[in-house]
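Hi,

Here is the structure we talked about. Please have a look, then read the notes below.

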Amino acid sequence: MAIKTLQEKFIHGLGDIYDAEHRFLEAQQKMLPNATAETVKTALETHITETEEQIANLEQVHELLGLTAKRVPCDGAAGIVLEGDKLLKETADVPTLADLAIVGGCSKVEHYEIASYRGLIAAAETMGQADVVKLLTENLQQEEKTAQTLEQSMPMLLKQAAQSSTASA
Ligand SMILES: [Fe+2]
């Protein structure tokens, strides 16, 4: 359907991130048993709970706009999940590399979400939807914090991966 107004484009974007959050929730739940490092496990567990809250926030945003939340198939999210899944399978024999694959994949997810929420917040601000801005900002802040946590876990994981690569060489 053709999108002709900012409001329609905004609602499309909401449906898009609503679908993306569901896909990412499922992907995180699937990745969790493959995580070895405590930092990675904890980050995933925390963010699984947060993602559930974010889905509820998005449902509340829809309610504020008098709508029922509907998933608009998000090809971007589907692509990132598929790519992460493939890399995780390829690294499955080496726990340190699998942890790095999980952290790298999740980091891409977070930045996709950050870009999506920033765009939606800017549009909601323009349309004067203060309550919507507040809920979307809660989600954005969780994504930013998660991206930071994941990036901070990388140096240690990289060091371990480098050591195990040397040991097996
Ligand atoms: Fe996230």
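The face of H3 turned away from its buried side carries exposed residues: Asp 75, Gly 79, Leu 82, Lys 86, Lys 89 and Glu 90. Keep in mind that this is a predicted model.

H3 covers residues 75–90. At 1.5 Å a residue, its 16 residues should span 22 Å. The end C-alpha atoms are 23 Å apart, which agrees.

Now the other side. Ala 77, Ile 80, Val 81, Gly 84 and Leu 88 are the buried residues of H3. Down the helix axis they fall within an arc of 95°, so they line one face of H3. The general rule: an α-helix has 3.6 residues a turn, so residues three or four places apart point the same way.

What do the buried residues of H3 pack against? Two helices: H1 (6–31) and H4 (95–126).

The H1 contact in detail. The axes of H1 and H3 come within 9 Å and cross at roughly 10°. An angle under 35 degrees counts as roughly parallel, so H1 is roughly parallel to H3. H1 brings Asp 19, Ala 20, Arg 23, Phe 24, Ala 27 and Met 31 to the contact. H3 brings Ala 77, Ala 78, Val 81, Gly 84 and Leu 88. By class, that is eight nonpolar, one polar and two charged residues.

H1 passes the length check too: 26 residues should span 38 Å, and its end C-alpha atoms are 37 Å apart. Its buried residues include Phe 10, Leu 14, Ile 17 and Tyr 18. The cover over the buried residues of H1 includes H2 (38–64), H3 and H4.

Best wishes

Key: Residues numbered from 1 in each chain as written. Predicted model: local features only at pLDDT ≥ 70, side-chain atom pairs only at ≥ 80, totals over all residues. Helix = DSSP H or I, 4+ residues; strand = E, 2+ residues; numbered from the N terminus. Expected span 1.5 Å × (residues − 1). Buried ≥ 20, exposed ≤ 12 C-beta atoms within 10 Å, placed from the backbone. Arc of directions from axis to C-beta. Contact = placed C-beta atoms within 7 Å. Axes fitted to C-alpha atoms, helices over the stretch in contact; angles between N-to-C directions. Parallel < 35°, antiparallel > 145°, perpendicular 65-115°, else oblique. Nonpolar A, V, L, I, M, F, W, Y, C, P; charged D, E, K, R; others polar.
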